[in-house]
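I opened a notebook page to keep track of what I looked up here, item by item. The entries are kept in the order in which I worked.

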Amino acid sequence: MAGIFQSALAPFTLKGFYLLTWGTALGSNVWQVISGFRTYKTLPRQTFGTLQSRLTPLFFSFQTLTTSALLFTHLYFHPSLISSPRVEPHWATSEQGQQGLLIIASLVPQLLNWLVVGPLTTDVMFERHRLERLEGKEYDEPNPTDAMDKVNKKFATLHGLGSGLNTVAFLALAGLGLVVSM
């Protein structure tokens, strides 16, 4: 009976918190991709853009905060990683350090998306919407104006960068799951 009770309380332990935080961070990343694709296919483009301008800051902040909690929990379990670089275990050579590096490899792109790339992309998207209204045509119609061409290139660059950062964050979290499971 004590084993069942102990199993029921497992999610409320620090190890349970670590696993739930990892799963939540990874799962939210997957859900954002699936729901983003579905809403893009369902909603009118400018409505989709407005919705994303409200959802992505929440997503990026949530991702950053859950992955930060994951890192702090990891460091709590492995305090020797915080010590001098001359003291074993080293980040690059120990299993615990490599797991920590995967968490950091996820955290840094999430932070960049939240604080830099996401807001810039949203600003450029709204600039493109404004130009479409002024010019009376869609961004992808033939013979765009120089202003529209410039905004399209900037948006494509920023959106691609944000997607790439999101992919790196996902792969690092998925890699962490694989490494921890072995």
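The entries below cover helix packing, ring pairs, charges over rings, and a few single residues.

**Ground rules.** I note that this is a predicted model, in which local features need pLDDT of at least 70 and side-chain atom pairs count only at pLDDT 80 or more, while totals for chains, interfaces and linings use all residues. Residues are numbered from 1 along each chain as its sequence is written, and side-chain values use heavy atoms, with hydrogens and water left out.

**Helix 3 against helix 4.** I looked up how helix 3 (residues 45–77) packs on helix 4 (residues 95–135) and found an angle of about 165°, with the axes 9 Å apart. That angle makes helix 3 roughly antiparallel to helix 4. Helices here are DSSP runs of H or I with at least four residues, and strands are runs of E with at least two, numbered from the N terminus. Axes are lines fitted to C-alpha atoms, for helices over the stretch in contact, and angles run from 0 to 180 degrees between N-to-C directions. Of these angles, those under 35 degrees count as roughly parallel, over 145 as roughly antiparallel, 65 to 115 as roughly perpendicular and the rest as oblique. Helix 3 passes helix 4 in a left-handed crossing, meaning that the near helix is turned anticlockwise from the far one by less than a right angle. The residues of this contact divide into 11 nonpolar, 19 polar and 3 charged, where Ala, Val, Leu, Ile, Met, Phe, Trp, Tyr, Cys and Pro count as nonpolar, Asp, Glu, Lys and Arg as charged, and the others, Gly among them, as polar.

**Helix 4 against helix 5.** The axes of helix 4 and helix 5 (residues 146–181) come within 8 Å and cross at roughly 155°, and the two helices are therefore roughly antiparallel to each other. This crossing, too, I recorded as left-handed. By class, the contact of helix 4 with helix 5 holds 24 nonpolar, 10 polar and 5 charged residues.

**Aromatic pairs.** I counted 4 aromatic pairs, taking rings of Phe, Tyr and Trp (its six-membered ring) as paired if their centres lie within 6.5 Å, with planes under 30 degrees apart counted as stacked, over 60 as edge-to-face and the rest as tilted. One of them joins Tyr18 and Phe77 edge-to-face, at 6.3 Å centre to centre and 80° between the planes. Tyr18 lies in helix 2 (residues 14–42) and Phe77 in helix 3, so the pair ties together parts that are 59 residues apart in sequence. Tyr76 and Phe77 have ring centres 6.0 Å apart and planes at 70°, so this pair is edge-to-face as well.

**Arg128.** The charged end of Arg128 sits over the ring of Tyr139, 3.8 Å from its centre, and Arg128 also lies over the face of Phe155, at 4.3 Å from the ring centre. The rule asks for NZ of Lys or CZ of Arg within 6 Å of the ring centre and within 35 degrees of the ring normal.

**Asn143.** In the loop between helix 4 and helix 5 I found Asn143, which has a positive phi of about 55° although it is not a glycine.
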